[in-house]
Every structure is written in structure tokens, then in C-alpha cells.
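Dear colleague,

Please find below the structure that I am handing over to you. My findings follow it.

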Amino acid sequence: MSVDGAVEGRQCGTGEGRPRVREQATVVQYEWCGARVVGARGAYDMDTIAPLAEALHTASTAYPKVVLDASGITFADSTVLSLLIRTHQAADLRVAAPPQQLRRLLQLTGADTLLKVMSTVDEAATV
């Protein structure tokens with residue numbers, strides 16, 4: 001199951017004379033194959049990280065295996081990177097289906113050698 005299957009997306013646009021509105025960041029959680037899956041959707045930075053941080057913290061205290069379904073993340077910065085490393089220290093974190101921008105961030109920082117990055121939620125939950 002993907003975050004798209006769990007959360008209906010919101011469409012953002014620009015109106016004439018109005019500033020562009022960023023897509024709202026949303027988080028869903030569910031159990032899948034014995035792991036806690038946290039599905040993230042939207043852009044995450046220091047202004048929007050709180051719900052994701054809370055969800056990953058809660059999941060890592062209750063489950064030994066936590067999967068971040070990153071397929072819906074449209075932007076991630078160093079705030080997300082720091083959160084992933086902290087969560088990795090607290091639980092067996094797997095990052096599933098990261099989009100190109102997040103995958104590049106993980107590669108540039110070397111975090112992809114520390115974190116378990118997998119292609120799908122199913123693979124991350126069952127391996």
C-alpha cells in the first residue's frame with residue numbers, strides 16, 4: 001500500500017494576483033506485515049517537519065521496524081535528513097520509494113550507506 005492509496009492528494013495552484021501555495025504536508029500511519037509504516041506526502045522542511053517527526057517518534061517507540069513511505073515527498077532538506085538519522089538510531093528504519101530529490105540528498109550526504117533504502121513499502125516491511 002502506498003501513501004497515495006491512504007491519503008487523497010490536494011491540488012494546489014496559483015490564482016491571479018495570489019502567491020503560490022505549497023501542497024500541505026500530510027502523514028498517515030498504519031501497520032503492514034509487522035512493521036509500522038509512516039507515509040509522508042508533501043514538502044518537508046523546518047516549518048512542516050513536526051507532524052512527520054511526531055509520527056516517526058511514536059512509531060519508533062512502539063515498533064522495532066519502522067518504514068517511511070517516502071514516495072509522496074515532494075521536497076526534503078537537511079531537517080528531514082536529521083530526522084531520518086535520529087529515527088534510525090531509535091529503531092530499524094527503512095526508507096521506501098524515495099523520490100529522486102530525496103534519493104540524491106541521501107547520496108550526496110552518504111546517508112544512503114547508513115539507512116536502509118528500498119524500492120517499495122512491501123520490500124521494506126518484509127525484509
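Contact here means heavy atoms within 4.5 Å, axes are lines fitted to C-alpha atoms (for helices over the stretch in contact), and angles run from 0 to 180 degrees between N-to-C directions. Helices (H or I, at least four residues) and strands (E, at least two) are DSSP runs, numbered from the N terminus. This is a predicted model, in which local features need pLDDT of at least 70 and side-chain atom pairs count only at pLDDT 80 or more, while totals for chains, interfaces and linings use all residues. Residues are numbered from 1 along each chain as its sequence is written, and side-chain values use heavy atoms, with hydrogens and water left out.

I begin with helix 4. Helix 4 (residues 100–109) lies across strand 3 and strand 5, and runs at about 110 degrees to strand 3. Just after helix 4, G110 adopts a positive phi of about 80 degrees.

Turning to the sheet, 5 strands form an open arrangement in the order 1-2-3-4-5, with mixed pairing; two strands pair if DSSP finds at least two bridges between them. Strand 1 (26–32) and strand 5 (116–118) are at the edges with a single partner strand each, so one side of each has no neighbour in the sheet. From one strand to the next, the twist averages 25 degrees.

Strand 1 and strand 2 run antiparallel and are joined by 7 bridges. E31 has R36 in strand 2 as its bridge partner, and R36 also stands opposite V66 in strand 3. Strand 2 (residues 35–44) pairs with strand 3 in the parallel sense over 8 bridges. Strand 3 also pairs in the parallel sense with strand 4 (residues 92–96), over 5 bridges, and there V66 has L93 as its bridge partner. Of the 12 residues of strand 3 (residues 65–76), 9 are buried.

Yours sincerely

Definitions and conventions
Buried < 20%, exposed > 50% of the residue type's maximum accessible area, 1.4 Å probe, protein only.
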